[in-house]
Amino acid sequence: MKQTTLLILFLLSHAIVIGQQKFFIKDRVTLEGIPFAKVMSTSIAPQLTDIDGAFQIPDSIITESYITVRSYGYLDTLIALRMVENFTIYLEPIMQEVEEVVVRAGENPAHRIIQAAIDNRKSNDPLRNNAFQYESYSKFVFDVDREALDSLVPDDSDSSMMSIMAFFDQQHLFLLESASRRTFIPPSKDKEEIIAYKVSGFQNPIFSTFANEIQSFSFYNESIQILGKEYVNPIAPGGTRRYLFILEDTLVINSDTTYTIFYRPRKGSNYDGLTGRLYINTDGFAIEKVTASPYDQSGFAVQIVQEYAHLNDKKWFPLKLSTNVAFPETISVNGLKMVGKGNTYIRNVIVDPEDLKKIKFNNVTVTTTEDAGETDQKTWENLREYQITERELKTYQVVDSISKAEKLEQKFDLLSSAMQGKIPLGKKINLDIAHVLNYDQYEGFRLGAGLETSKRLIKHVTFGGYGAYGFKDKGFKYGGFSTIHISKKSGVDLKLSYSEDVAERGGLNFSNDGFNLTSPSLMRHFFIQQMDKQRIAEASLTWNVRANIRLKAFGNYQRVQQTGEYIYFSADGNLEQFDQAEIGGEITWNIREKVMMLGDTRVSKGTKWPKVQLKVVNGFTGFEASQFSYLRTSLNIRQDIRIRAFGTLTMVVQGDNLQGDVPLLYAYRGNGTGLSWNLSVPETFETMEPSRFYHTQQVALYSRLNIQAFKTKAKWNEPSISLHQAIGYGEYVGKERHSYAFESMDKGYFESGLILNGVLVSGFAQVGAGVFYRYGSYADNNWKNNIMPKISIGVML
């Protein structure tokens, strides 16, 4: 009993000595917390507020202390702590601008500090050197602009406005929360499990990672990602050449010093840069805190904030991440601009944990647990950083009821289908956009329709069919399929299909990644001139053996009728129609691609490494009336290489090989799209006439350097330059068996081009123009005929 009493007295005495009271610094207008405000007092050491605008003061000095609060963009405030109501201090915002500073004598003092931070970047990066584990809680709230709402003058006669003001006084517009566990082993082993998520109005786990994915986890990468766009990091190598740095403040705590440094791109810069403040600690010259916003705030106005702590004197690690978003005026609620605020709190961090061998890593870096969307209230109380407020609770209640009444979950599913090229016709049938309208040189305009069942009709099986008519070839085409989704998690699908259609002569189609209106393969389709009629029945099995590796095996039987004046001279006579059986396989490998599996939905996080596709097709005889024996092998390697503060270099290598004597349908056409004042198509020969070249063996290299857009003040204009280069070699063994006259690239085909993109910009679309020039053995004697003007179109994201 004595020992117990002494222990209680000991704990109480320490509680009295070290008791702390938390205060908040907030913006008087927006009522949002002000991160990294400087708090000074004669009674305690100076300190900076955290990401929520919070700081702590010992209980013993509250009644007698005055503090001075200083933050950039706000009036300095002196206040007695005993006069503070609800432990909240409000600062008045002021407008300030930072002009270009010219250092005329000596070195800019900020450069020495920034260069030290750059030199120590790799050692301080939390994603290097040390393994770690942590737990996190994230919350993102969408609302209307409170400043705009509070400025409204109530009018009793305007019941609509009164209802809106009452609605947002009681709740937010939208709210989502999530909690996760993460384990990471450098350089790339990563596993994060979403153990709980809650979204107002929705159950879909696709929202569960929203707060975490909106900004980069660490501010040490060479580029920082905000809202899916990459910006040049001010502390990337060469940062002092690209950015203006200004030393604003110095804070000394014990033996360490924190420097506050403002930064922004230098005048005349032509890259996507950031502006904000870096708080550099002399302990390792590491980032202690950082704020960042895109310097060009067109469209969405965003600010991110990150706060780091030195854990066990071993590692600087981010503990709080914050994002503030102001939507453009075109996105509003009854004329009120929308805003969003998200916070991620990281806790229970373990650096270099033990027993990591028990954890299995793969390319799936983020998953949701099966019961993540069914977390009970008691568990949420333990997961949340702060307890849920009345407004937040009201948001869940009201939005959930609205979603149920308006069937928002079902509407979201329908919208998701539309993004994949499927337009819902009711709840159970989708219209496939890909079959509605097409164009090529052989069929002309092709008008049709494709229908398929949705998962609301039959969950594990999809039935579909299409019909189309070509106005130039005056031919009707049709087909149908059924797909059994054996395992959505592993991507195992069995597909049976039949069609009577046309197929490109010398074409080869790799499996695509989904619906994309701007894909080169879709645009190249406009230039197809030679096609044969094909009746084909096929069975295929696809399987994601890993998150970044997809296999496909197939077998088919086809009847081909050759068109036009083309005839293949076989040993058995001249063929205009024949049967053929094939089996084959295809592998798609996105090297080191990381993906998220959110429920049954696969979301790619991209890769900096090449994408490799290999397809092998074996034609054989001895089955029914199959007439040819051959082996077709095709390899495609593509890589996008980002060049910091300059642009992106895209390189594609395409190689094909045919063994066997077959009609042109099974050979390989030269990838030409050379028609004047037509579309510019990446990854093709822009000056090569379609159907001029065919090969049994060929190799081609396509490269395109897309330089970052020039900054202009015009909203309709955002020009950028692309440099194009294409080289190809090929041969054809056995040209004499074909009545159709064609060439092969035995001597090498060469072309270069210059494209000016974004001459006209409207919304997400851009239009430009380019000129391409052919040279070498296949160039025309008249140099003017080697020039190919084209139009470039693109989508701005």
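Q: What share of the contacts in the protein chain with a separation of 6 or more do residues 24 or more positions apart account for?
A: The model considered here is predicted. Its protein chain has eleven helices and 46 strands. Among contacts with a separation of 6 or more, those between residues 24 or more positions apart make up 62%.

Q: What percentage of the residues of the protein chain count as buried?
A: The C-alpha atoms fill a box of roughly 105 × 65 × 65 Å along the principal axes. A residue counts as buried under 20% relative accessible area. Of the 797 residues of the protein chain, the share that counts as buried is 47%.

Q: Which residue in strand 7 is the bridge partner of K26?
A: Strand 1 (residues 20-27) and strand 7 run parallel and are joined by four bridges. K26 also lies over the face of F24, at 5.9 Å from the ring centre. In strand 7, the bridge partner of K26 is Y90.

Q: Which residue in the turn between strand 27 and strand 28 has a positive phi?
A: Strand 27 (residues 475-487) and strand 28 (residues 492-504) run antiparallel and are joined by nine bridges. Within this pairing, I484 has L494 of strand 28 as its bridge partner. The two strands form a hairpin with four residues between them, and the turn residue with a positive phi, of about 65°, is G491.

Q: What is the bridge partner of D493 in strand 29?
A: Strand 28 is also joined to strand 29 (residues 531-546), by twelve bridges. These two strands run antiparallel. The residue of strand 29 that is the bridge partner of D493 is T542.

Q: How far apart are the end C-alpha atoms of helix 9?
A: Helix 9 (residues 390-406) has 17 residues. The expected span of a helix is 1.5 Å times one less than its number of residues. For helix 9 this gives 24 Å, which agrees with the separation of its end C-alpha atoms, 24 Å.

Q: Which residues of helix 9 are buried, and which residue just after helix 9 takes a positive phi?
A: An α-helix has 3.6 residues a turn, so residues three or four places apart point the same way. The buried residues of helix 9 are E392, T395, Y396, V398, V399 and S403. Just after helix 9, a positive phi of about 55° is taken by K407.

Q: Is the ring pair of F174 and F207 stacked or edge-to-face?
A: F174 lies in strand 9 (residues 174-185), and F207 lies in the loop between strand 10 (189-199) and helix 6 (210-213), 33 residues apart. Both residues are buried. Planes over 60 degrees apart count as edge-to-face. The ring centres are 6.3 Å apart and the planes stand at 65°, so the pair is edge-to-face.

Q: Which residues do ring pairs link into a cluster with F174 and F207?
A: The count of aromatic pairs comes to 44. Ring pairs link F174 and F207 into a cluster with F140, F142, F202, F210, F300 and F327.

Q: What is the angle between the ring planes of Y568 and F628?
A: Y568 is in strand 31 (residues 568-570), while F628 is in the loop between strand 36 (611-620) and strand 37, 60 residues apart. Y568 is buried, with a relative accessible area of 2%, and F628 counts as buried at 7%. Their ring centres are 5.7 Å apart, and the pair is edge-to-face because the planes stand at 75°.

Q: Why does L635 count as partly exposed?
A: L635 is found in strand 37 (residues 630-643). It touches F510, V612, Q613, L614, V653, Q654 and G655, not counting residues up to four places away in sequence. L635 counts as partly exposed because its relative accessibility is 35%.

Technical notes
Residues numbered from 1 in each chain as written. Predicted model: local features only at pLDDT ≥ 70, side-chain atom pairs only at ≥ 80, totals over all residues. Heavy atoms only, no water. Buried < 20%, exposed > 50% of the residue type's maximum accessible area, 1.4 Å probe, protein only. Contact = heavy atoms within 4.5 Å. Pairing = 2+ DSSP bridges. Phe/Tyr/Trp six-rings, centres within 6.5 Å; stacked < 30°, edge-to-face > 60°. Lys NZ or Arg CZ within 6 Å of the ring centre and 35° of its normal.
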